[in-house]
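Try each task before you read its solution.

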Amino acid sequence: MGRPPPLGVVIVTYASADVIADCLETLAGAAMADGTPLRIAVVDNASPDDTLARVRAWAEGTAPYAPPGDLPFPHVPVPKPLPAGLLDVIEAGANGGFAVGVNIGLRRLFADPAIGRVWVLNPDSVVPPGTPAAFAAHDPGPFALMGGRIVYLDGSGRIQMDGGRIDWRTGVTRNVNQYRPAAVPPPDPAGFDFVSGASMVASRAFWTAAGPVPEDYFLYYEEVDWALRRGALPLAYCPDARVFHRGGTAIGSGVPTRPASPLSLYFKHRARHRFLRRYRPARLPGAWAYTLAKTALALA
């Protein structure tokens, strides 16, 4: 068998200096261990910290790297400096939001005709061995977006998300299998409405048909909206792909050990209303009722 085609990876960073090296190190290490060729695009949305310096120092090997103490799998150090062509660092120049950064990376990677699928990955994730190969090789037939298992990186072994569903009464999204043990059987993606933007693989066919990720949300719901533009292409699930996710490191999204920050809640409710206004405007009263109820609870 010949060498498999490269798997593109987009990682959008913003104030990610404390987590990005763990993401890149485990991603590159997992791919090298199983022989998966990668093309990684790190798109920085004008980070106010030294994220870019950390990325470059890691890639060049000028800063020593030690894996975090809570890494839930063994890791073999990645030789440095990195091979040419593995990592492309792109400065967005401004923080236009998550989707803007993702689209910059997707355009760069899909410009290479050898790349048939691109994995969008959050910078506060770590990647165990086997996952890059699984995402690169899994063949569900033609698909739009493909997900895998996202597990909380808190030592609990609990699932954050396998896929997502939409409650059209309020626009609230639900995480499939959230808080269940990570050993539960894989779900049927036919029941998904979307795949989490923290770890989702887009096919070239979907990118060509649906176009870029909607950029008017700034944060949250862009992947939900994008998935609804898939037409006849189905969503897929890769049962052998898994990532571990810290969550909330940039804006304070909620995790089991910490409630969501006010800024995170503002963007989430704002995005939910925008989403329903686009797809189900008659359901906006339900969205407002949900938002007001949540606000009352937060102020109680």
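Buried means under 20% relative accessible area, exposed means over 50%, and partly exposed lies in between (1.4 Å probe, protein chains only). This is a predicted model: local features need pLDDT of at least 70, side-chain atom pairs count only at pLDDT 80 or more, and totals for chains, interfaces and linings use all residues. Residues are numbered from 1 along each chain as its sequence is written, and side-chain values use heavy atoms, with hydrogens and water left out.

**Exercise 1. Classify the two partners of the salt bridge between Asp-167 and Arg-174.**

Step 1. Recall the term: a salt bridge is a side-chain nitrogen of Lys or Arg within 4 Å of a carboxyl oxygen of Asp or Glu.
Step 2. Check the distance. It is 3.9 Å, N to O.
Step 3. Take Arg-174. Its relative accessible area is 44%, so Arg-174 is partly exposed.
Step 4. Take Asp-167. Its value is 13%, so Asp-167 is buried.

**Exercise 2. Find where the salt bridge partners Asp-162 and Arg-149 sit in the chain.**

Step 1. Their side chains meet at 2.8 Å, N to O.
Step 2. Locate them. Asp-162 is in the loop between β7 (159–161) and β8 (164–167), and Arg-149 is in strand β6 (residues 145–152). Strands (E, at least two residues) are DSSP runs, numbered from the N terminus.
Step 3. The two residues are 13 apart, and the pair links distant parts of the chain.
Step 4. Check accessibility. Asp-162 has 2%, so it is buried. Arg-149 has 5%, so Arg-149 is buried too.

**Exercise 3. Count the salt bridges in the whole structure, and name the members of a network.**

Step 1. The search finds 11 salt bridges.
Step 2. The network links Asp-216, Asp-225, Arg-229 and Arg-278.

Key. Helices (H or I, at least four residues) and strands (E, at least two) are DSSP runs, numbered from the N terminus.
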